[in-house]
Every structure is written in C-alpha cells, then in structure tokens.
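Dear colleague,

I am handing over the structure below, and after it I set out what was found in it. Please read the notes with the structure open beside you.

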Amino acid sequence: MFIAMNRFKIAKGFEAGFEKLWRERDSYLTDEPGFESFALMKGAEADDHVLYASHTIWADKQAFTAWTESDSFRKAHAQASAPKGTYLSHPNLETFEQVV
Ligand code: HEM
C-alpha cells in the first residue's frame, strides 16, 4: 500500500470554490493500474486558511509514479484552475510507504 497526500492551504472565503472545483472535475483515476481510492479531506482551520488534503491510495509506489507520468495526470491538471487568491502557498506533497 502507498499513500500520496497533497496538502493545500486555502484562503478563508475560497473554500466553497475550491471544493466545487474538485466535485465537478473530470476524474481519470479509476482506470489507472494500481489505483485504489481517492478522497478530498478537509482539515484544521487557522486564522487565514483552511487545510485540505487530496488523498490517494495506490497498490504500491510504482503505481503512483506511473500515474504522475501519465496522460491522466496531465489531463487532470490541465482543467480549470482555481481563482487567484485561492492558495496561500504551494501544495505540499507527502507520500507514505506501508511498513507493516
Ligand atoms: C505530484 C504532485 C500532485 C499530486 C500527487 C496530485 C494529486 C491529484 C489527484 C489525485 C487529483 C485527482 C485527479 C483525478 O481525479 O483524475 C488531482 C487533481 C487536482 N490537482 Fe493535483 N496533484 C499534484 C500536483 C498538483 C499541483 C501542483 C496543484 C496546484 C495547485 C494541484 C491541484 C489540483 C487541483 C485543483 C485538482 C482538481 C482538478 C483540477 O482542476 O485539475 N495538484 N491532483
């Protein structure tokens, strides 16, 4: 099992637009070899932002890496971008390999 989590700091007031973008996107994940599940997670609220994470589970690291190099990844990220001011910083990618 391999988890890839991209964390986004979304400026206060931009949450609804950010969530809508994810709800209405064309997703290309289900046909990817080794893809297991996806969720957009909402986390802690700070003074100036709300934390979100896009969370995917893959069979192994190789499946995730292959997806990041695929047309599906490129197409997913070529969709309508969020309005200016949505992101407080660059997204922060964290990956986890299963130990036990
Ligand atoms: C290697 C780094 C990244 C990973 C692992 C990742 C992960 C994902 C995943 C799993 C999806 C859903 C794709 C689908 O359903 O087919 C997605 C879409 C999306 N990603 Fe990323 N992403 C990365 C880089 C970025 C960056 C740099 C941004 C810039 C802010 C970003 C913003 C988005 C947004 C807004 C969507 C929603 C659909 C859209 O409008 O494209 N991602 N990403």
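Let me begin with Glu97, which is found in strand E4, residues 92-97. Please keep in mind throughout that this is a predicted model. Glu97 counts as exposed because its relative accessibility is 53%, where the cut-off for exposed is over 50%.

As for the chain as a whole, it has three helices and four strands, which run β-α-β-β-α-α-β from the N terminus on. Among contacts between residues at least 6 apart in sequence, 72% join residues at least 24 apart. The radius of gyration is 14 Å, which agrees with the value near 13 Å that a compact globule of 100 residues would have, and 31% of the 100 residues count as buried. The chain exposes about 6700 Å², of which carbon and sulfur atoms supply 53%.

The largest pocket has a volume of about 730 Å³, and of the 30 residues that line it, Asn6, Phe8, Trp22, Ala76 and His77 are the closest to its centre. Strands E1 and E3, together with helices H1, H2 and H3, each supply at least two residues of this lining, and E1 gives the most, with four. By class, the lining of the largest pocket has 18 nonpolar, nine polar and three charged residues.

With kind regards

Methods: Residues are numbered from 1 along each chain as its sequence is written. This is a predicted model: local features need pLDDT of at least 70, side-chain atom pairs count only at pLDDT 80 or more; totals for chains, interfaces and linings use all residues. Side-chain values use heavy atoms; hydrogens and water are left out. On a 1 Å grid over the protein atoms alone, a cavity is a set of points where a 1.4 Å probe fits but cannot get out, and a pocket is an open set with protein on both sides within 12 Å along at least five of seven lines; lining residues have an atom within 4 Å of a point. Grid points are joined across faces, edges and corners, and a volume is the space filled by probe spheres set on the points. Ala, Val, Leu, Ile, Met, Phe, Trp, Tyr, Cys and Pro count as nonpolar, Asp, Glu, Lys and Arg as charged, and the others, Gly among them, as polar. Buried means under 20% relative accessible area, exposed over 50%, partly exposed in between (1.4 Å probe, protein chains only). The radius of gyration is taken over C-alpha atoms; the globule rule is 2.2 Å times the number of residues to the power 0.38. Contact means heavy atoms within 4.5 Å. Accessible areas come from the Shrake-Rupley method with a 1.4 Å probe; for residues, only the protein chains shown count as cover.
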